Every structure is written in structure tokens, then in C-alpha cells.
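Student: I am new to this one. Can we go through it together?

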Amino acid sequence: MKQIVFDIDFIIFDAVSVAEERFITAHHVPTSRKMEFATKTKLWGDWRKKIGGWIGEENEKLGNEYWKAEDFEVVECQRPRPFKIKGVNPFSKEPDDSYDYFISPWDGAKKILDDKIKSICDKLGTTDYVAFTGTGDVFRHDVCTLLKYKDRDELMKPLLLNKMKDYVCERHSCTLVKGLEADDYVSMYGLDGYKKWVAGGRKDSDITIMVAEDKDAKQTSGWHYNPNKDDKPRLIEGLGSLWLDKKGDVDGAGRMWLYFQVGSSDQTDNYAANCFSDIRWGAKSAYNLLKDCNTDKQAFEVLVQIFKKLYPEKKVVQGCKGEIEIDWLHVMQECFTMAMMLRTPDDSINVKETLQKLKVNF
């Protein structure tokens, strides 16, 4: 039977984000005046120059530079935002296009989430689904030594985030996971479904569809659906490949997508092949070397080439947990650990042993 497995965190985040308003308060220290703006850009324009926005407009009116960005203490804030519903009178069975009413931020967020899940189920033709959402730090936080994994301590979390996680676990066949990430569990569940689908003769009625927005999902063999990009489920299998999309950005699927992630960087998850290298290195740098690989061995040979280029000598660096000595193999191993979606709960990769198994000279 066709089934969906949701990495539901992106749906949760979208729903609860609409249920609140973000703004800043700006305290002008010399005058004790307090003002509110939608964003820092509204206050001072470009974040580097900080002479535009409201500050620039007021100084232009005054004909001098009385207002200065450094005189403001800025605090990022958030508050609930009620939802306006149009078109239906809740107190009558008759439609009323002129009737508007408000519902609470919580009821609005639930409606967005429920409607999104229903819409995806309708699109994919099944109501059989499971979901995963994560909480707290994961093993990658524990083992990282170079850059702090997902360094988001200063980011504000949506007000209703935790409450919505409880709701999806109660109402939407969702499991709250700890230690591993939701997308790890989606990867494991989707890969298991893919193996069963292959063993059962590849029947359309038996597919398991991984619904995720996260780019990491594209590493995993199986059926995938990104509701923000895909018109229908797409099948990813095996080694895969890399290519440039219409915008000229690197895209890919399968293990080649993992190898690309390892050899480049991920600003969202906060790891980078050149994190402590003196060499400039970007997505296109890794893509140009990896794009023509046709086997895992070739890809690993290229990755060794990349990391040896970035770290020709051992060096001592100040990592996220203290001073450590690193070499190319240390950084390559850590990038794999940060990037690779798990296939089993105790899955891991030992880069040195993999190189030896593939008979890669290093």
C-alpha cells in the first residue's frame, strides 16, 4: 500500500511562523526615545553601511547626521498574530463574502498545518502516513570538533513551536525523536520502504514517499516529493549524479549529492570543507571536480584530492570545543559525519576504512 513519511518540521515551522509577527525595538540612548520597526533594514538600510532606512530619511530632512546607528540599542522581538478569515460566516450555514472574523494564532497555525498535510495527501493519493519531528541536540552536536553543528543559539524560535510539536504527535501519527534528526528517521524509513518496493516487484501501489523540503533527503535511494518544487514523486536510486539547475546552482541526487555536500559546505548546518583552510573554496569548486565521476571510487579519489589540497599539512586550530590538531583526513571524516543521512539508528562511516575498502590511494 502506498504510504507517505513526512519530515514534518518544515510544515510545522511554516505554520507557526505565520502565527506570529517579528519586529525590532530601537532604543535611542541619547534621547531615551523608543521606536518600533518591522526589520533592522527599515531602521538603517544596508547592514554594512547603516546609513539608510529611517535613519537616512530623517537625516536628509534635518540636513545633518544627527541620527547614528551606533546610538541605538536594537532588540529583536516577536508577538502572536491573529488570523483573519474571509468568506465564511461561522454563525451561519450561508456563505457571506463580506463577513470577516478573527481566530486565535494557535487555531490559525493548526489550520495551516492540517490543510497542508491534507493537500499533500490528496496530491499523492493516500491518507496512510507517518511523520517525524525532532527536539534537542543530536549526536552531530556531540561529535563535531571544527565548527559547531547548526549554530543557531541566537535565533529566536517561533512562540508556538513546541506546542505544535506536541499537537502533531497527538493528532498526526508523528513521532518526536531525540538524539537523531527527523530527516535521519525519514531517510531510514524511506530507504526501508524502497528496499521492500524493489523486492516486491516495484509496484506503483506499494511505494513509500519521503516528503521533505530539506536538501539532505536527496542522498537517499527511494521515492521523494518536495511540495515546494515537485509536481509528482521522483525516484532517486544509487550513485546518482550532479548537474546545474536553471539558475546555475549545483543540484544533484543519490550518493553523488552526499559527496558534493562533503566536498563543499552547508551554511544551514554549519560545516565546510575549507573551514580551516587558507584556500577559497565553494560549491562550483567541488562540483567541477566531482561532476564526471561514474563510481564511488572515483568520487572518493576526488574527495581525497580536495581535502589534501585544502589541508596539505597538519595544523593546530581553535575548534568549537577547544584547540585541536587537524589534517585532511580529520576534516574529511567530520564533513562526512555532519552531512550523511543515516540508514540505520547506529549507522556511521569510517572514511579511512572506506578508502581502504575501495582501494583508493591516500
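Student: How many disulfides does the count come to?
Tutor: The model is predicted, and the count comes to 0 disulfides.

Student: What makes Cys 275 a cysteine in no disulfide?
Tutor: Look at the distance. The nearest cysteine sulfur, that of Cys 335, lies 6.0 Å away. A disulfide needs the two sulfur atoms within 2.5 Å. Therefore Cys 275 is in no disulfide.

Student: Is Cys 275 buried or partly exposed?
Tutor: Its relative accessibility is 21%. Buried means under 20%, and exposed means over 50%. So Cys 275 counts as partly exposed.

Student: And why is Cys 77 called buried?
Tutor: Cys 77 has a relative accessible area of 16%. The cut-off is under 20%, so Cys 77 is buried.

Student: Where does Cys 77 sit in the pairing of strands?
Tutor: Cys 77 is in S4, as the bridge partner of Phe 23. Strand S2 (residues 20-28) and S4 run antiparallel, joined by 9 bridges.

Student: How do you know that S2 and S4 count as paired?
Tutor: Two strands pair if there are at least two bridges between them. S2 and S4 have 9, so they pair.

Student: Which sheet holds S2 and S4?
Tutor: An open sheet of 3 strands, in the order S3-S2-S4, with antiparallel pairing.

Student: What makes S3 and S4 the edge strands?
Tutor: Strand S3 (33-37) and strand S4 (72-80) each pair on one side only. From one strand to the next, the twist averages 25°.

Student: What about Asp 7? Why is it said to have no salt bridge?
Tutor: Asp 7 is found in strand S1 (residues 3-7). Asp 7 is buried, and the nearest side chain of opposite charge, Lys 165, is 7.9 Å away. A salt bridge needs a distance within 4 Å. So Asp 7 has none.

Student: Which residues does Asp 7 touch, leaving out those up to four places away in sequence?
Tutor: Among them are Phe 132, Ala 182, Asp 183 and Val 211.

Student: Val 211 again: what stands opposite it in S10?
Tutor: Tyr 225 does. Strand S9 (residues 208-211) and strand S10 (residues 222-225) pair over 3 bridges, in the parallel sense.

Student: In what sense do S10 and S11 pair, parallel or antiparallel?
Tutor: Antiparallel, over 3 bridges, with S11 spanning residues 234-236. At least two are needed, so S10 and S11 pair.

Definitions and conventions:
Residues numbered from 1 in each chain as written. Predicted model: local features only at pLDDT ≥ 70, side-chain atom pairs only at ≥ 80, totals over all residues. Heavy atoms only, no water. Helix = DSSP H or I, 4+ residues; strand = E, 2+ residues; numbered from the N terminus. Axes fitted to C-alpha atoms, helices over the stretch in contact; angles between N-to-C directions. Buried < 20%, exposed > 50% of the residue type's maximum accessible area, 1.4 Å probe, protein only. Lys, Arg positive; Asp, Glu negative; His and termini not counted. Contact = heavy atoms within 4.5 Å.
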